[in-house]
Amino acid sequence: MDDTVTTPDAERVVDTAAVSVPLRGRYHLVQRIGRGGMATVWRAHDEALDRDVAIKVFAPGEIGSEDIRKQEAEAKMVAHLSHHGIVTLLDAGVDHADRLRPRIYLVMELVEGVDLKRALEAGPMPLKDIAYIGHDLAEALEYVHHQGVVHRDIKPANVMTIDYGGWNSRPRGKLTDFGIAMPLDRVVGDENGTTTGTAAYLSPEQANLQPAVPASDIYSLGLVLLECFTRTVAFPGDAVGSAVARLLNDPYIPEDLDPDWRLLLKAMTARDPAERPTASEAMIALRDLVIAAISGRHRTKEQSAGAIEATEATRMAAVRDLGILDTPREERFDRITSLAARVLATPIALITIVDEQRIWFKSTHGLALEQITRDPGLCSSAILQDDPWIIEDARRDARASSNPLVAGEFGLQFYAGAPIMAPSGERIGTLCVLDFAPRAITEDEVATLVDLAAMASSELVIREAARSASRSSVIASA
């Protein structure tokens, strides 16, 4: 059902026929804010907790009817799901005003926003917002799939977009309407010549009347994200024509999209489910695209292919030329790590230089080590990136979950590193912050990390200039 919890002002029509007697003596129905074939969604007031909520009231059904059983199944399904990327179920009950035709109702959080369908109709969406919302939805699907559930109806109308405001405000995406969601162990193919879901967003396997799988949700999410760029439905037309089109063709992805976006959307909308990324993999890719959008850095096709990547030999030559390895601590660098730890509120901050077989620490805050072997060090991966490398929850991130620093006694759970550049332009190390608990990093914090890494890079330039002047002075005096 579309518009299950939307509350745009234009849709807040006061219904004079609202039930005057509160449901279960607690919930006063105030305004109708959405309607579908099976249910009506109301803005309501919870007298017990003095808060506004959304209540989905199903159409009356006869006791023991199939509709009632489906409604009960949805209530039980949603009751077991709790995630910030999903509209939260707060309560459920049965209205027995008509004893022969009871009505099941679901009490949900009231999301003050608009659905993605309306948001796209209002105008183009900034690249950063698409990345943020996509990341939120992929993270929600990662959780849903881990719970053994397939949503089966990912579409713009079932995505709520919210902006909570505040100094670090950014759009959030929430997945709603689990009316046709199914546990994986109960998903079966459709044998009656129809399929369940919205035709324009079905995966090829659903369109072919095969069971939906987690990869089916990924395909639908890929179409939704593609629509955020094009503002047009990839497979329009009637149900049959739309279904046949995706069985024969891949969706058109504009040539002028950033190469990383093109690669991700192409993978998510692959016709073979086995070729699509998992929700976890999509979430990680979208997180990287968020960072790229924040920093304003987007790679060209040649860069994405690695055409201008420096070789390891060239990078190591830059490290050797600096003459910084195994040098004493210097206050100029210690101030930067101290500031990074204080501003980003992490127990550890490091300035690292990635050597051939080790990661050497030029400056440390909160850690007594001088170096670690290169293989497990996350800085070895961070220097391969143009943008900051962020691991917000290492135990759940496929790039780090098996790392011995994460899985072992050290217990690393959060890493954020920005590259430090040699005067020659090579990425030789990082300014990184570490924590022993998962945490989110804000847009401003990423920008701060980048700025501090740039300060460290500038100090290297000053240090090298001083070394050169000293050498010249010695030569002149000789």
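Predicted model: local features only at pLDDT ≥ 70, side-chain atom pairs only at ≥ 80, totals over all residues.
A pair of aromatic rings is described by the distance of the centres and the angle of the planes. In this model, 4 aromatic pairs were counted. One of them joins Tyr 27 and Tyr 105, with 6.4 Å between the ring centres and 70 degrees between the planes; the pair is therefore edge-to-face, since angles over 60 degrees fall in that class. Tyr 27 belongs to strand β2 (residues 27-35) and Tyr 105 to strand β6 (residues 103-109), and with 78 residues separating them the pair links distant parts of the chain. Both Tyr 27 and Tyr 105 are buried.

An edge-to-face arrangement is also found for Trp 389 and Tyr 415, whose centres lie 6.3 Å apart and whose planes are at 70 degrees. Trp 389 is placed in strand β15 (residues 389-391) and Tyr 415 in strand β16 (residues 414-421), so parts of the chain 26 residues apart in sequence are tied together by this pair. Trp 389 and Tyr 415 are likewise buried.

A charged side chain was also found over an aromatic ring. Arg 439 is positioned over the face of Phe 414, and its distance from the ring centre is 5.0 Å.

On the surface, a nonpolar patch is made up of Val 240, Val 244, Leu 247 and Leu 248, which together present about 360 Å² of accessible area. Val 240 is located in helix α6 (residues 239-248). The relative accessibility of Val 240 is 60%, so this residue counts as exposed, the cut-off being over 50%.

Conventions. Residues numbered from 1 in each chain as written. Heavy atoms only, no water. Phe/Tyr/Trp six-rings, centres within 6.5 Å; stacked < 30°, edge-to-face > 60°. Helix = DSSP H or I, 4+ residues; strand = E, 2+ residues; numbered from the N terminus. Buried < 20%, exposed > 50% of the residue type's maximum accessible area, 1.4 Å probe, protein only. Lys NZ or Arg CZ within 6 Å of the ring centre and 35° of its normal. Patch = residues over 30% accessible without salt bridge, like charges linked within 9 Å, V, L, I, M, F, W, Y side chains within 5 Å. Areas by Shrake-Rupley, 256 points an atom, 1.4 Å probe, with all protein chains shown as cover. Salt bridge = Lys/Arg side-chain N within 4 Å of Asp/Glu carboxyl O.
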